[in-house]
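Please read them beside the model.

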Amino acid sequence: MIEFLSRRLAAALVTLALATIVVFAVVEVLPGDPALVMLGTDARPDTLAALRAKYGFDQPLLTRYLQWIGGLLTFQLGNSHAYGTSVAKLIGDRLVVTLPLAAMALGWATLVAIPLGVFAAWKHRRPGDWGVMGFTQIGISVPNFWFGIVLVLAFAVTWQWFPAGGFPGWQEPLKSVHALILPALSLSLGEIAILARVTRSAMLDTLREDYVRTARAKGASERVVLFRHALRNALIPVTTVAGLIAGFLVAGAVIIESVFRLPGVGQLVYDSINNRDLVVIKNVVILFTILVLIVNLLVDLAYALLDPRPRVTA
Amino acid sequence: MSAFLARASRHVGFQIGAVLLLLFVGTALVSVLWTPHPIDALNMRTKLMPSSAAYLLGTDHLGRDVLSRIMVGAQTSIAVGLIAVVIGLTIGVALGAWAAARGGWVDEALSRTSDLIFAFPAVLIAILITSVLGASAQNAILAIAIFNIPVFARVTRGAALAMWSRDFIRAATAMGQGPVGITLRHVLPNIASVLIVQATIQFAVAILAEAGLSYLGLGAQPPVPSWGRMLRDAQTYIFQAPELAVWPGLAIALAVLGLNMLGDGLRDLLDPRLRLLRVG
C-alpha cells in the first residue's frame, strides 16, 4: 500500500510541475508583454518599464519561472498589483469563505445523493427509479448559477428567509452559515445528480453479486442486504467520484460566489481578471490545482483503505 | 434504419430530447429571419415591463424585447457550442486514433497530457485563457474547445483500441493495409456511434460552459445577445422585475436537457453497453 500511495504521490507531483509550466506559459509568455496586459495599451513607456522592473518581467523567462517556483515553495507569492497587499494573505483571507462553502456543498450532496441512488437501485425499473433518474437528468442540465438565482427569487425576494447575497464574516458564525446555505444548495445541485447516478449504477452492480444472493438466501432483511452488503461495496466508486466532484466544486465556486457576492477565492479570481492582476491569477490557479491534486490523493488513500485490490495490482 | 426508428418510437426520453432539440434549433433558425421586435431597439419608456400581448416575455432594463433576445441568444449558444465541439472532436479524434494505432510513447504521452488537462477544472482553464486573451466569443470557443480535445481523445483511444484487437482488423493488417488506411476504413466507421453520442453530450456541456462564461462577462460581448449575459443583467433588477431572471435560465436548461436526453437516448438505441465520459 505504501508503494501504491508513493506512486500516486509521485504522479501528482509530476502533474503539478507540468501545471506550473502551463500556467506560466499562458500567463507570462502567451500575451507577449505581461506589463502591457496589466496596464493596457495606452500606458506610458516609463510606467511600463517601472512595472516590468517591479515584477521582474525584464528578467529572462527561465529566471522568472524559477523565481516563481521558489516563491511557491516558500509561500513568498509577491504582492498583488491591484490590492498592493501580499498575495498569500489575500488568498488566505478568501479561502475561509470558499472552503466552508465547498465543504457544505459536498456534505449536502453526499447526504442527499447516496440515499437517492440506493432508493433508485432498490426500485430498479419501477416508477421510483424513473423519478430519481428524471430528477438527475434535470440536475445536470440546469446551470447551477441560474438555480442560485431562482433560489434567491424564492427564498430572498418572495419569502425573505435568507439574504440575497453578501457575507458578514466569521466573527458572526451563525449569520455566516446562514449566508452560505443558499450558495451551498445551488453549488450542490449538479453534484447531487452525478453522485446519485453513480451510487445507483454501483448499487446495481453490487446487487448482482453472488454474496448479495447468498445474503438474501440466508434470509437477511432487505435493509441489511441493501445497506450492509451492497452499499458498503458500492461506496468504492462513489468515493472516487465524490473526490473528483470536490475539485469541480472549488471551481464552480467561482460562478456561485459571483451570484451571491461572497468574498471568496472565486470572487478574487473574477476581480483579478477585471483588474488584469496576473500575479494573483497565476497563483490562484496553481492553488486550485494543488487543492484538486490533494483531494485526488485523499481519494486514492480512501480507495486503498476501502478496497484491498489496488494495493496488489497498481 | 427502420429498426432504429422502431426502437426510437418506444424510447420516450429520446423523443423528448429530439423535440427539445428541434425547438432549440428551430428557434435559432427562425430568429435569423424574424423576431417579434428588433433586438437592439432601445426604448426607455418600455423598460422592465412585465409580460403583455406586445411583449410576450416582457422587456429588459433598456426596454428591449426579452423574447426576441432569447431567440437570437439561441444562435449564440449554438454557434459557440457547435464550433467548440467540432474543433475538439476533430483534433481529439485524430489524436486518440493515432495513439490507439501507434501505441508506445505516443499513447503514453497522450494519456499523460489528457490527465494533466483533466487535473485543471474546466472553468479555470476557460477563465485563464479568456483573462489573458481578452473576453470575446472567439476566446470562449477556444477555451471550451481545448477542454473538449482530451475528452474526445480519451473516448476515441479506448474505443479504437478495442477495435484493433478484433479479427477483421488483424486480417486487414495481414493483407498489408497501413495503419492510416485501417483507421479511416475500418476503425472510425465502427466507433462512430460512441463519437456521435459523446458529441451530443459535449454539445450540452459546451452550452452550459458558454452560459457560465458569459454570465461572468467572459463570453460573447454586447450587443450580441447571450443567455448567460442576460441572466447577469437580470440579476441587477431582481427586485423590480423578477421574471427577467427566469426566462434565459429556462432556455439554457431546456436546451441542455434536450441534448442530454437525446444523447442518453442515442446511447440506448445505438449501443446500450457504451460508457460515456461525463466531466465538466
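What percentage of the 280 residues in chain B is made up of buried residues?

1. Buried residues make up 48% of the 280 residues in chain B, where a residue counts as buried if 20 or more other C-beta atoms lie within 10 Å of its own, as exposed if 12 or fewer do, and as partly exposed in between, with C-beta atoms placed from the backbone. This is a predicted model, in which local features need pLDDT of at least 70 and side-chain atom pairs count only at pLDDT 80 or more, while totals for chains, interfaces and linings use all residues. Residues are numbered from 1 along each chain as its sequence is written, and chains are lettered from A and ligands numbered from 1 in the order in which they are written.

2. Chain B has 11 helices and zero strands, these being DSSP runs numbered from the N terminus (helices H or I, at least four residues; strands E, at least two). Its C-alpha atoms fill a box of roughly 75 × 50 × 30 Å, taken along the principal axes. Among its contacts (C-beta atoms, placed from the backbone, within 7 Å) between residues at least 6 apart in sequence, 72% join residues at least 24 apart.

3. In chain B, helix α5 (residues 122-133) packs against helix α6 (residues 137-164) at an angle of about 145°, with their axes 9 Å apart; axes are lines fitted to C-alpha atoms, for helices over the stretch in contact, and angles run from 0 to 180 degrees between N-to-C directions. The residues of this contact divide into 11 nonpolar, two polar and no charged, with Ala, Val, Leu, Ile, Met, Phe, Trp, Tyr, Cys and Pro counted as nonpolar, Asp, Glu, Lys and Arg as charged, and the others, Gly among them, as polar.

4. The contact between the chains takes 31 residues from chain B and 38 residues from chain A. On the side of chain B that touches chain A, there are 24 nonpolar, five polar and two charged residues.

5. G134(A), which lies in helix α6 (residues 127-141) of chain A, is exposed, with 12 other C-beta atoms within 10 Å.

How values were computed: Two residues are in contact if their C-beta atoms, placed from the backbone, lie within 7 Å.
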